[in-house]
Amino acid sequence: MTAVAVPLGGFAVVEWLKKQRWWLTRVLALPVHLFFFSVGVFFLVRMIPGDPVAVLTGGQNVSAEKIQQIRESLGLSGGLLSQFGNYLRDIVSLDFGDSMMNGLSVWGELSQRLPETVELAVIAMVISSALTLVMGLTAVLKPKSLLARILVPYARTAGAVPDFVLGVLAIFVFYTTFHLLPAPSGLADPTMTAAPRVTGFPLLDALFAGDTALFGSICAHLILPVAVLVIANTPLLLKIFLRALEESIDAPPTAFRIASGASRKTVLLSVARRAAPSAVAMLGTLFGFMLGGVVVVEQLFAMPGMGLYGVNAVNTSDRPALQGFLILVAAISLLVFLLVDLINMVLDPRRRPGLAKEGS
Amino acid sequence: MTATISMSKEKLTAPKRKVSLRRILATAWSWAPVYPVAVVFLIAVIGPWIVPLSPIDVAGPTNQSPGGAFHFGTDSTGLDVFSRTIAAARNDILIATLTSAIATTAGILLGLLIGMNESRRGLLGWVARFLVRVLDLLQAVPAVVIALALVAVVGTSVISLTVAMAIILTPNQARMVRTEVLKVRTDAYIDAARMAGERGFALTLRHVLPNASWPALENASLVFGAAILITATLGFLGVGLHPPTPEWGSMISTGASDAAVGRWWSFVFPAIALVIAVASFAMAGQRLFKRRAG
């Protein structure tokens, strides 16, 4: 009895694995991709010109012992191979070393700053995708309306006006000229004390603390950065979405529905269903745009997020800080793309690997 | 109706096209979207010679408003905004031109290499599949972040910025060519060439290259725009070409603090120049690759 059950059990597991291969391979690919990226970062950071030890000692003569100690703290002691081994071990345990500039733990600072950046990017992303959905559908369903006539050329201008130009313009108009919004100086009014850290997300923390004045101030400080991100990136998104919708409308299934006498609602639902995978894929791209835009916006509005940290790291050739920043950004981006991929494969099983071969 | 009939008769009887002022004007008008690019290029070439004042030396009192000797005013260090805006064209356009040339060429070659070898066994196949992953990875991370990492290493001269921009913008070009190569490979004329005895490298060069490289060429004007924008973004973030080298991004960055206290001119003019440069290339690209049928 048991002699039969064991191979059968093994067989069932293999079968199950084969069936789940489409998502398992993607999930397993994430650490592999991250590994390759880390290899790239490892060599990139070591190619930065200048001697980090000289920077840390300030050019003074110090004992060989001290130099050795500094090299060790920077992960530069020993051969390249052992450096690489230590580097990988440190990354896995989320130990990116200490910043060369202020001596603080890189991971400590990054994890402190991450929520603020994510909050900004996610708020902008939600607004941007909602706007795209509404505008795209209007433009396609009522192609002769005034809105559609404005929207289509707007989508064409995609990306001609960069985010930092929009940002400076917004500050000039809404802060300098009309004094409608607060100065571009950080997360909230500098005279207010920050809410106790619960989640790390400034808005949520203010809400939990029940501090409505602080909450309002944070909201007011978020309006311009979010608006800049949304206005700069929505046309790019709208362009992709309009194309997806048009393709879906022109596809044979639409003609079939109409020919077989389906109601307008059914036809539209069918169109929307077939455009959904492209729309989801678009969200991944959008998140990438937002993450890039956040780097600029944080600099412009002096918001203490991850982007500002990265820019400062480059400006000061702060190797450990740059290393940590790059790997964290890559990890977040890859994670978002993985999620988008998986959702898409659920929505459209034809995209699952392994099945494509049987079809064609 | 009669007009169209008479026109078609005219075509049948007289294949030679009449040269008329109207036709010349029509042709000139149809090429209008390309003219702004010509102007931008002209300014980039002759800009530094026609500026009235030195773009890198203090030209007068600080914070002069536009008008008089300073057409666009002076910034907070007393540099002439007009001269700098004009002179900056050369740096930005040079980087963008070199980048779109390098990224397009490299993208076409990489796309061919990957597309033709991807499904192969052996070393080349592995290399091609590995390259696909590398390109995907480079595209997954925001361009600005990759740019930040690269300038930390290569530094900030015109040449090193070009190298960085080329590394960032090549993957997209390569991916577009690769997709087209995969389509073209299955076309009948490729089979015909194979049967005629052509193989490997010659086949790729003679039949696949001319038929599969158009997506990258069409996209070159957008690469141009992207290169200007990323260069300017780096300048704005303070990690691009260093002041006082004239560059629109770093000018906008200095102008930003001026604009915050109401002196709009040192921000507005370089910003307008930047937007015009990017938009004119996108427009020209659309015109040059307009489908005959459409």
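This is a predicted model: local features need pLDDT of at least 70, side-chain atom pairs count only at pLDDT 80 or more; totals for chains, interfaces and linings use all residues.
Q: How many helices and strands does chain A have?
A: Chain A has 15 helices and zero strands; helices (H or I, at least four residues) and strands (E, at least two) are DSSP runs, numbered from the N terminus. Its C-alpha atoms fill a box of roughly 85 × 80 × 40 Å along the principal axes. Among the contacts in chain A with a separation of 6 or more, 69% join residues 24 or more positions apart.

Q: Which residues have the most contacts inside the largest nonpolar core?
A: In soluble globular proteins, nonpolar side chains tend to be buried together. Here the largest nonpolar core has 162 residues, and those with the most contacts inside it are M290(A), F325(A), A147(B), L148(B), A227(B), I230(B) and I252(B). Helix α10 (residues 212-250) of chain A gives the most to this core, 17 residues. A core is a set of buried Ala, Val, Leu, Ile, Met, Phe, Trp, Tyr and Cys residues joined through C-beta atoms within 7 Å. Buried takes 20 or more other C-beta atoms within 10 Å of the residue's own, exposed 12 or fewer, partly exposed in between. Of the 360 residues of chain A, 34% count as buried. Leaving aside residues up to four places away in sequence, L148(B) touches G310(A), V311(A), V314(A) and V239(B).

Q: At what angle do α4(B) and α10(B) pack?
A: Two packed helices are described by the angle between their axes and the distance between the axes. Helix α4 (residues 81-117) and helix α10 (residues 214-237) of chain B pack at about 135°, with axes 8 Å apart. Axes are lines fitted to C-alpha atoms over the stretch in contact, with angles from 0 to 180 degrees between N-to-C directions. α4(B) and α10(B) are therefore oblique to each other; under 35 degrees is roughly parallel, over 145 roughly antiparallel, 65 to 115 roughly perpendicular, and the rest oblique. Among the residues that meet are A103(B) and G107(B) in α4(B), and A220(B) and F224(B) in α10(B). The contact of α4(B) with α10(B) divides into 12 nonpolar, six polar and one charged.

Q: Where is L94(A) found?
A: Most residues other than glycine have a negative phi. L94(A) has a positive phi of about 55° although it is not a glycine. L94(A) is found in the loop between α5 (80-92) and α6 (106-141) of chain A, and is partly exposed, with 15 other C-beta atoms within 10 Å. S317(A), not a glycine either, has a positive phi of about 50°. S317(A) is in the loop between α13 and α14 of chain A and is partly exposed, with 18 other C-beta atoms within 10 Å.

Definitions and conventions
Residues are numbered from 1 along each chain as its sequence is written. Chains are lettered from A and ligands numbered from 1 in the order in which they are written. Two residues are in contact if their C-beta atoms, placed from the backbone, lie within 7 Å. Ala, Val, Leu, Ile, Met, Phe, Trp, Tyr, Cys and Pro count as nonpolar, Asp, Glu, Lys and Arg as charged, and the others, Gly among them, as polar.
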